[in-house]
Amino acid sequence: MIERTILVSLMMMPLTSAAQDSPFLGEWLLRLDQDNRIGRSAYGSLVFELGTGGLEAYIDGGSVNVLEIDGTRIVFDFDWSDLPDARHLSILEGALANGVITGTATENGEDRGGWRAMRSERRDTVGLAPEPVDLTGIWSRPAILSKHEFEVTAAGRAADERYDSTIDDPILRCVSDGLIRMSHGPFHIEVVSMPNKIIVLHEDLHEVRRIYTDGRDFPADIEYANLAMGFSIGRWEGSTLVVESRGLKPSVWDAAGMPISSDAVVTERWYVDDAGELHVEFSLDDPVNYHRPVEMHGVRSPLPPSTLIPEYSCDPHAFYRSLQLEGRLDEYWSRGANRL
Amino acid sequence: MKKWVSLAVASATALVVAQSATAHHALAANYDTDNIGTIEGVVVEVFWSNPHVHYYIEVANAEGVTELWDVETSNLATVMRSGWTRETVEVGDRIRISGQLGRNGIHRLALDRESLEVL
């Protein structure tokens, strides 16, 4: 990894002077034409900032490397992982014209489809009169960018180093994998809009989530609630449902071990676009573990009401069987403090 | 394996590191994604359930000694969407399959379902 650090340093130096007046500075809504996991368009946040090394870029809150800038042309990389967890690095090359960056993505020289970035206006909803939208329906598994690396604190790194995904991952024991991971896994959801709450029925583990929209506040001592899905309160800002969740248990939000603390606050922005697709923009604010909020943007398509969501009963037998076959059962019992 | 990447633009006062994320199930932790292998043997147990379907297969190694392999695939809904049923692979079947091999020589295989041959 040292080699990459040196390479990045060398690449960043000539970019410094060009960065101050860069037309790329600011926040963009990034859209890749080809979702990295299931082949649909996927969205995320793209931010360009002026840092000590020049123009810094972040996708969904994790840094990416700006490789070239030449006027209105830019090249940067994007690290991501596919569903089986194989690592990838795409190169995004684009040009800015009329307020939109458009370009193409490649991986090892192979075409990975087009991309574009627009200034995000959807977040300017504070103060808008509520215009609730009926979200009732069955929504497909989400397309996501699946960014791979994020900025963790020393505490976050220590938490990750204690974690062994082959033995500590809660889903191995059929324990809920929690709000963030469950919301981005390869499963459908069914949403039931009610007058004072919204029910989300997850295919994954048959988890049920309630988002209260009746104006209630969080319960006292919510930080000790130790909830997999958190306690969620929603409000409408125009036609955007803004949801805040607290009370998440200290755990991980993905199988690889990205940590989440009991102080974490998750904010979601739910909206349906003109094409009828459901967007949910996640932001995980957890300063204990991350220097910047971690973001994710899932897009789900509407499915016919006749769509069957199969039962997801779960049996941990295979996990213990594997541990027994590999002679690791004693190791498992000794790791009680790591159980999530 | 986790990877840590020190950033060239890291703050002098804060340890900033980039860390891996986003897998649904950490297959990469148990399997070597670059090491594809093929095994042939007799199915002795089928675990037709979530979180992932497993098949346990007795395989004779190069010395003729029988070893028990743990073969893992996806969740039930995904497996069934790909056209597989409980009858696709049954106890007693002799099969040849390929997939990512377990790390560190452990007898595991992440099944590529398209590789299945029932012999």
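## A first look at chains A and B

Strands S8(A) and S9 (residues 110-119) of chain A pair in the antiparallel sense over 7 bridges; strands count as paired if DSSP finds at least two bridges between them. Helices (H or I, at least four residues) and strands (E, at least two) are DSSP runs, numbered from the N terminus. Welcome to a predicted model, in which local features need pLDDT of at least 70, side-chain atom pairs count only at pLDDT 80 or more, and totals for chains, interfaces and linings use all residues. Residues are numbered from 1 along each chain as its sequence is written, while chains are lettered from A and ligands numbered from 1 in the order in which they are written.

**Two hairpins in a row**

- Val100(A) has Met118(A) in S9(A) as its bridge partner.
- Between S8(A) and S9(A), which form a hairpin, there are 2 residues, and Asn108(A) in the turn has a positive phi of about 50°.
- On its other pairing, S8 (residues 100-107) of chain A is joined by 7 bridges to strand S7 (residues 87-97) of chain A, and the two run antiparallel.
- Leu96(A) stands opposite Ile101(A) in S8(A).
- S7(A) and S8(A) also make a hairpin with 2 residues between them, where Asn98(A) in the turn has a positive phi of about 55°.

**The two domains of chain A**

- Chain A is assigned domain 1 (2-119) and domain 2 (137-314), with bounds that come from an automatic or database domain assignment.
- The C-alpha centres of these two domains of chain A lie 26 Å apart.
- Their contact takes 22 residues from domain 1 of chain A and 19 residues from domain 2 of chain A; two residues are in contact if their C-beta atoms, placed from the backbone, lie within 7 Å.
- On the domain 1 side, strands S2 (42-51), S3 (54-59), S4 (62-64) and S6 (73-81) of chain A each supply at least two residues.
- S2(A) gives the largest share of that side, 4 residues.
- By class, the domain 1 side has 8 nonpolar, 8 polar and 6 charged residues; here Ala, Val, Leu, Ile, Met, Phe, Trp, Tyr, Cys and Pro count as nonpolar, Asp, Glu, Lys and Arg as charged, and the others, Gly among them, as polar.

**A sheet of 10 strands**

- In chain A, 10 strands form an open sheet with mixed pairing, in the order S21-S20-S19-S16-S15-S14-S13-S12-S10-S22.
- At the edges are S21 (294-300) and S22 (302-303) of chain A, each pairing on one side only.
- S20 (residues 278-285) of chain A and S21(A) run antiparallel and are joined by 7 bridges.
- Within that pair, Leu278(A) stands opposite Arg300(A) in S21(A).

**Nonpolar cores**

- The largest nonpolar core has 64 residues, and those with the most contacts inside it are Leu30(A), Ala42(A), Leu55(A), Ala57(A), Ile59(A), Phe76(A) and Leu284(A).
- Such a core is a set of buried Ala, Val, Leu, Ile, Met, Phe, Trp, Tyr and Cys residues joined through C-beta atoms within 7 Å.
- A residue is buried if 20 or more other C-beta atoms lie within 10 Å of its own, exposed if 12 or fewer, and partly exposed in between, with C-beta atoms placed from the backbone.
- S2(A) contributes the largest share of this core, 5 residues.
- Both domain 1 and domain 2 of chain A provide at least three residues each to this core.
- Apart from this core lies another, of 13 residues, among them Tyr31(B), Ile57(B), Val71(B) and Leu109(B).

**A buried loop residue**

- Asp204(A) sits in the loop between strand S13 (197-202) and strand S14 (208-212) of chain A.
- Asp204(A) counts as buried because it has 25 C-beta neighbours inside 10 Å.
- Leaving aside neighbours within four places in sequence, Asp204(A) is in contact with Met182(A), Gly185(A), Phe187(A) and Tyr312(A).

- Chain B has 2 helices and 8 strands, following the pattern β-β-α-β-β-β-α-β-β-β along the sequence.
- Of the 119 residues of chain B, 39% count as buried.
- In helix H5 (residues 317-325) of chain A, the buried residues are Ala318(A), Phe319(A) and Ser322(A).
- Seen down the axis of H5(A), these residues fall within an arc of 105°, so they line one face of the helix; the arc is that of the directions from the helix axis to the C-beta atoms.
- They pack against strands S3 (31-47), S4 (54-60) and S5 (66-72) of chain B.
- The face of H5(A) turned away from its buried side carries the exposed residues His317(A) and Gln324(A).
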